[in-house]
Amino acid sequence: METKATKIGSESFHQYLNKHKAQVKDKSFDSYYHVNVVAEAYTQGFSDGEKSGKQDFISEIIKQEVEKFTQKANQIYILSKIIISYLNEKSFLVSSLHINLTFQRPSVIIAVSDKLLNNDDFVKTAYDKLFEIKNIYSKLFDEYLDVGLVASDNLDIKLLVEDGFGYKEDYSE
């Protein structure tokens with residue numbers, strides 16, 4: 001799923017997110033539910049199950065999963081933009097942002113110039129911020145967020161898209 005990259009990314013990110021919301025519905029509807037959803041359903045199942053039909057119950061679970069997914073995706077986008085803004089403030093320019101919203105393990109790639117990856121000051125500054133952002137996400141959702149830096153020179157965008165990184169913002173222009 002490739003979307004048009006823009007400097008003003010929030011609108012295009014929401015379009016990308018909406019495509020993935022449909023996948024959450026499909027995945028949940030195919031009888032795949034997160035363990036927390038199953039536990040909650042079991043706890044409430046007998047009393048609530050008698051009051052509402054099976055389809056209403058499934059619809060509610062799917063709605064909750066889509067909402068949770070949306071919260072996570074929006075947080076991933078916001079935290080990614082925080083990293084980029086922070087690096088820009090420190091005069092370390094980012095080339096592009098790539099996001100993969102998978103169900104098992106969301107990922108973010110931030111592409112920078114090859115020269116920056118050889119700059120010790122940049123590496124320390126960037127990885128300190130990445131560690132901070134990963135901890136924020138982990139505390140919010142009790143999940144791991146994979147965020148990494150790659151060299152933008154010779155970066156194969158087609159391969160990234162094939163690996164699921166369907167959202168891109170380009171800052172090199």
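Helix H5 (120–141) lies across strands S2 and S3 and runs at about 160° to S3. Axes here are lines fitted to C-alpha atoms, for helices over the stretch in contact, and angles run from 0 to 180 degrees between N-to-C directions. Contact means heavy atoms within 4.5 Å. Helices (H or I, at least four residues) and strands (E, at least two) are DSSP runs, numbered from the N terminus. The model is predicted: local features need pLDDT of at least 70, side-chain atom pairs count only at pLDDT 80 or more, and totals for chains, interfaces and linings use all residues. Residues are numbered from 1 along each chain as its sequence is written, and side-chain values use heavy atoms, with hydrogens and water left out.

Leu-140 belongs to H5. Leu-140 is partly exposed, at a relative accessible area of 49%. The cut-offs are under 20% for buried, over 50% for exposed, and in between for partly exposed (1.4 Å probe, protein chains only). The protein chain has six helices and four strands. Their pattern along the sequence is α-α-α-β-β-α-α-β-α-β.

The four strands form an open sheet in the order S3-S2-S1-S4, with mixed pairing. S3 and S4 (167–170) stand at the edges, each with a single partner strand, so one side of each is left without a neighbour in the sheet. The twist averages 15° from one strand to the next. Two strands are taken to pair if DSSP finds at least two bridges between them. S1 and S2 are antiparallel over six bridges. A hairpin of six residues joins S1 to S2. S2 and S3 are parallel, also over six bridges. Val-112 has Ala-151 in S3 as its bridge partner. S1 and S4 run antiparallel and are joined by four bridges. Ser-96 has Asp-170 in S4 as its bridge partner.

Strand S2 is largely enclosed by the rest of the structure, because six of its six residues are buried. Ser-107, Ile-109 and Ala-111 point one way from S2. Val-108, Ile-110 and Val-112 point the other way. Val-108 stands opposite Ile-99. Leaving aside neighbours within four places in sequence, the contacts of Val-108 include Ile-76, Ser-80, Leu-145, Val-147 and Phe-165.

The largest nonpolar core has 31 residues. Such a core is a set of buried Ala, Val, Leu, Ile, Met, Phe, Trp, Tyr and Cys residues joined through side-chain atoms within 4.5 Å. The residues with the most contacts inside this core are Phe-13, Ile-99, Leu-101, Val-108, Ile-110 and Phe-122. Two or more residues each come from H1, H3, S1, S2, H5 and S3. H3 gives the most, with eight residues. In soluble globular proteins, nonpolar side chains tend to be buried together.

Asn-100 sits in S1. Asn-100 is buried, with a relative accessible area of 7%. The Asn-100 side chain reaches the backbone oxygen of Asp-163 at 3.1 Å. Not counting residues up to four places away in sequence, Asn-100 touches Tyr-16, Pro-106, Ser-107, Asp-163, Gly-164 and Phe-165.

Over the whole protein chain, buried residues make up 37% of the 173 residues. Among contacts between residues at least 6 apart in sequence, 75% join residues at least 24 apart. The chain exposes about 10,400 Å², of which carbon and sulfur atoms supply 51%. Accessible areas come from the Shrake-Rupley method with a 1.4 Å probe; for residues, only the protein chains shown count as cover.

Methods:
Polar contact = N/O pair within 3.5 Å; in protein donor to acceptor, adjacent residues only side chain to side chain.
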